[in-house]
Amino acid sequence: MTTSPLATADLPTGLRWDADRSRLKVRDPRLAEIVLRDPHIITGVDHGKSDRPGALPPPGQAPTITQFFELWYTVGEHYHVFNTELRRAFTARTVGGFEATFLDQAERCVTAMPPRGDLARDYLSPYFMNSTFLVIGVPEAEWPRLTKVARLVIHLFKQQLLGVTEYGPREAAAFATSMRYLKQLTDQLLAGPGEEPFLLAARQLARIDPSTWPIAALIGQLLMAGIEPMIVGSSIACRDIWSAPHLRDAILRETVDVTDLAEEVLRQNPPFGNIFRFVSEPCDCLGLPLPAGTIVAIDVATVNLQRTAAADPAHGCPVRPSEVLTFGRGTHYCLGAHSARIQIAAAVRQLVHGRPELRIDVAGTRIDTHNNLKEVRSIPYRIGDEDVD
Ligand code: HEM
């Protein structure tokens, strides 16, 4: 492996060479802004220049795990068409129409919680699964099976982040079964009576290609993007709320807007530690020569807190949402950012108000920050008087 000249270069303030992972770390908001808008620094695949269009599986067959990730619209040749159509289905106004449904779903999941257990497994996971299925327009009868597909996709995505790209025959077979089901469900949704904004967009997008695999892969992508970071973000918010009684009081007495409180928690603890980019052509946009192929990792928490230090979430977020990098910025700004904010606020609000006797074992809570997407290992809770163990 050749060493990058950046390893020994005199780097400007705000840039650091991460020798262990061979990548350029960006820790300054101004430089982060340049990276996210620079045409030479891209998300991984150069749209339009890629010589590898997302290959469709042969008729009657499911995509392999690698093919499935290559079918995600964000790395596909139709990114711009998909992006434009999907953005219409995820505006603040459109997803705002789901708020009452999210609150209702959160209440159902609060009511179903066992008296003790793990908050991520027993409340947050079912709530975010179900609320995401509602946004996609999936009928309730399909939720149990789709939950299994979502779990598998999330697991494989995390494996990918860890660099695992080889899979055993059992995993590959389970994946093929899940994909066949996902495709059948997709076709059923496209042909069915559902009028959810996502389905209206999906029907337009299904016209581009004779196969509906790209739409099935899109639903698979939303099951990952739309669920796991939300479980992580809301677990962190719940851990912080139950470690500081004044935060819970502020929610109960309604002296803080829960969305604003969660925004500050997520500003300080973004579920995705870094936003990655890739230098596609040599450039000096960051004030020094960057060789093509350089991996650039924007450190989200550092950039978020550089200009405005961490604040007490009981006072909400001290900066405007557009200044927070937790959901990205520019062209690839999170498609689900508006929905994520409403869904997380509904989860926290219903839990705090609906279970005033709930306690979280903060000392026993484990949130692993090793992977780029943080991972909740355990968040034990108990409803009632006994100690949490
Ligand atoms: C707390 C929850 C969430 C966090 C922290 C989060 C974070 C992010 C970030 C940082 C990006 C930008 C990545 C980049 O620039 O490379 C992104 C993009 C994206 N997010 Fe989210 N996200 C969340 C929830 C959601 C939800 C609910 C959805 C479902 C619609 C979603 C769908 C997407 C998609 C499809 C993209 C790619 C957009 C594009 O490339 O144009 N995310 N997200």
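Where is the place of Cys 334? Cys 334 sits in the loop between α14 (300–307) and α15 (337–354). Helices (H or I, at least four residues) and strands (E, at least two) are DSSP runs, numbered from the N terminus.

1. Basis. This is a predicted model: local features need pLDDT of at least 70, side-chain atom pairs count only at pLDDT 80 or more, and totals for chains, interfaces and linings use all residues. Residues are numbered from 1 along each chain as its sequence is written, and side-chain values use heavy atoms, with hydrogens and water left out.

2. Iron. Cys 334 (SG) is the only protein donor of the ligand's iron atom, at 2.3 Å. Donors are N, O and S atoms within 2.8 Å of the metal (3.2 Å for Na, K and Ca). Water is not among the atoms, so the site may look incomplete.

3. Polar contacts (pairs of N or O atoms within 3.5 Å). A polar side-chain atom of His 332 lies 2.6 Å from a ligand oxygen atom. For Arg 277 the distance from a side-chain N or O atom to a ligand oxygen is 2.8 Å. For a polar side-chain atom of Arg 87 it is 2.9 Å.

4. Shell. α3 (79–89) gives the most to the shell around the ligand, with three residues. By class, the shell has 16 nonpolar, eight polar and two charged residues. Here Ala, Val, Leu, Ile, Met, Phe, Trp, Tyr, Cys and Pro count as nonpolar, Asp, Glu, Lys and Arg as charged, and the others, Gly among them, as polar.

Key. A polar contact is a pair of N or O atoms within 3.5 Å; within protein, one must be able to donate a hydrogen and the other to accept it, and residues adjacent in sequence count only if both atoms are side-chain atoms.
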